Amino acid sequence: MKDNYQKLFRDYTFKSGVHVKNRLMMAPMTTFSADENDYVSQEELNYYRERANGVGTMITACAYVSKNGKGFDGQMGIDHDGTIEGLSKLADVIHSGGAKGVVQLYNGGRLAVPRLIPNKETVSASAIAPLEDRGFYSIKQAPRALTTEEVYDTITNFGDATRRAIEAGFDGVELHGASGYLIQQFVSPHSNKRKDEFENPFLFPLKLIEEVKKVIQEHAKKPFLIGYRFSTEEPETPGITMKETFSLIDELIGADIDYLHIATTDAWAKPRRGIVSEKSRTELIAEYINGRVPLIGVGSIHTPDDAAHLLEKGKTDFVAIGRALIVDPHWVEKVQNHKEETISQQLNQNEQHQAVIPTPLWKLILEVEGWFPVKR
């Protein structure tokens, strides 16, 4: 193994006591592959099992904590106790490969898909429609603003989902505060025009963390961590800039969480607003954190050199790998076993079963031009 790869395989113990075997994580990626009840499907179990032997941590696809927050076809739920059985199987699959399992908790808010939720009514911090298409769906309708009581009910939903993750045997939860979804909608000056206590843009995520930590204290019988994923900037004006992100980081660190996780498709993208710098957002955030909390970097990590460079130059503590692990489920093992030259860089049209990719995800890979490197 190259000297600069060895740092990828150093173990780590989070402040909560959760111990991981290396600095490589599987990034949370939507599979669109839950069954008709939004329970974990056999195809998903096979998919995670194939990728569990190398990474130290697997962060699952986002799971919705309440019915009004469903944002994808085939999205798994964690909104009632009937989901626990399937989630337990998923936790077992992840643990079978030696990885720790983290469930990403989610509510789509105004980006929930109307046809997938009760009454087709989206909700948000305020009744402000999204301005741009995000992800795989075009959501244009204006949401209804949550009442103060409903905001507290939503906080309880995240707490209940955390209890289910604990009972299912997972090792942590990650709050999905990125990509324009509900948590970010409270943080953003574009989508939060409230006049109650939650006009404070940081109160909602801080209340969520408080609730989750309370549930962990009451229910967890082993170390259990809490992480938070965030987007660094928004295209909307007014919107989140690097200035707001730095303020959010301070609040989250003050809330004593286990890690922060940047959401970006390019780890080396430079800031657009709020700061002028030739450094990447990842570098700037790592410098600002200055070791106060572990940072997960992500975005266009295709090779082990990419991953090692992110730890070294990007100054992150962990590297999350996304599409590269879908293309080659054994990416990590190949690096660890000095076979990095055999890592697959693209998918062939007949390789779904070889790569163990669920059918709904495979269909999208073939349909969305440029999303994955596919030899056609």
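This report describes the nonpolar cores, salt bridges, cavities and pockets of a predicted model.

Local features require pLDDT of at least 70 and side-chain atom pairs pLDDT 80 or more, whereas totals for chains, interfaces and linings use all residues. Residues are numbered from 1 along each chain as its sequence is written, and side-chain values use heavy atoms, with hydrogens and water left out.

**Nonpolar cores**

A nonpolar core is a set of buried Ala, Val, Leu, Ile, Met, Phe, Trp, Tyr and Cys residues joined through side-chain atoms within 4.5 Å. Buried means under 20% relative accessible area, exposed over 50%, and partly exposed in between (1.4 Å probe, protein chains only). The largest core holds 110 residues, of which Leu24, Phe170, Leu175, Tyr228, Leu260 and Trp331 touch the most other members. A second, separate core has 13 residues, including Val18, Tyr259, Ile296 and Phe318. With neighbours within four places in sequence set aside, Trp331 is in contact with Leu24, His302, Thr303, Pro304, Ala307, Ile321, Ala324, Leu325 and Ile343; contact here means heavy atoms within 4.5 Å.

**Salt bridges**

The whole structure contains 19 salt bridges, each defined as a side-chain nitrogen of Lys or Arg within 4 Å of a carboxyl oxygen of Asp or Glu.

| Asp79 | Lys67 | 2.3 Å |

Helices (H or I, at least four residues) and strands (E, at least two) are DSSP runs numbered from the N terminus. Glu283 lies in helix H7 (residues 281–289), while Lys313 is in the loop between helix H8 (304–312) and strand S13 (318–321), 30 residues apart. Glu283 counts as buried at 10% relative accessibility, and Lys313 is partly exposed at 39%. Glu211 and Lys214 are separated by about one helical turn, because they stand three residues apart in helix H5 (residues 203–219). Glu211 is buried, with a relative accessible area of 16%, whereas Lys214 is partly exposed at 42%. In the remaining pair, Asp79 is buried at 15% relative accessibility and Lys67 is partly exposed at 41%. A network of salt bridges also links Asp81, Arg163, Arg164 and Glu167.

**Cavities and pockets**

On a 1 Å grid over the protein atoms alone, a cavity is a set of points where a 1.4 Å probe fits but cannot get out, and a pocket is an open set with protein on both sides within 12 Å along at least five of seven lines; lining residues have an atom within 4 Å of a point. Grid points are joined across faces, edges and corners, and a volume is the space filled by probe spheres set on the points.

Three cavities of 30 Å³ or more are found. The second largest cavity has about 40 Å³ of space, and its lining includes Thr30, Phe32, Glu44 and Met76.

The largest pocket has a volume of about 1,200 Å³. Of its 41 lining residues, Ser179, Arg229, Ala263, Thr264 and Thr265 are the closest to its centre. Helix H9 gives the most to this lining, with three residues.
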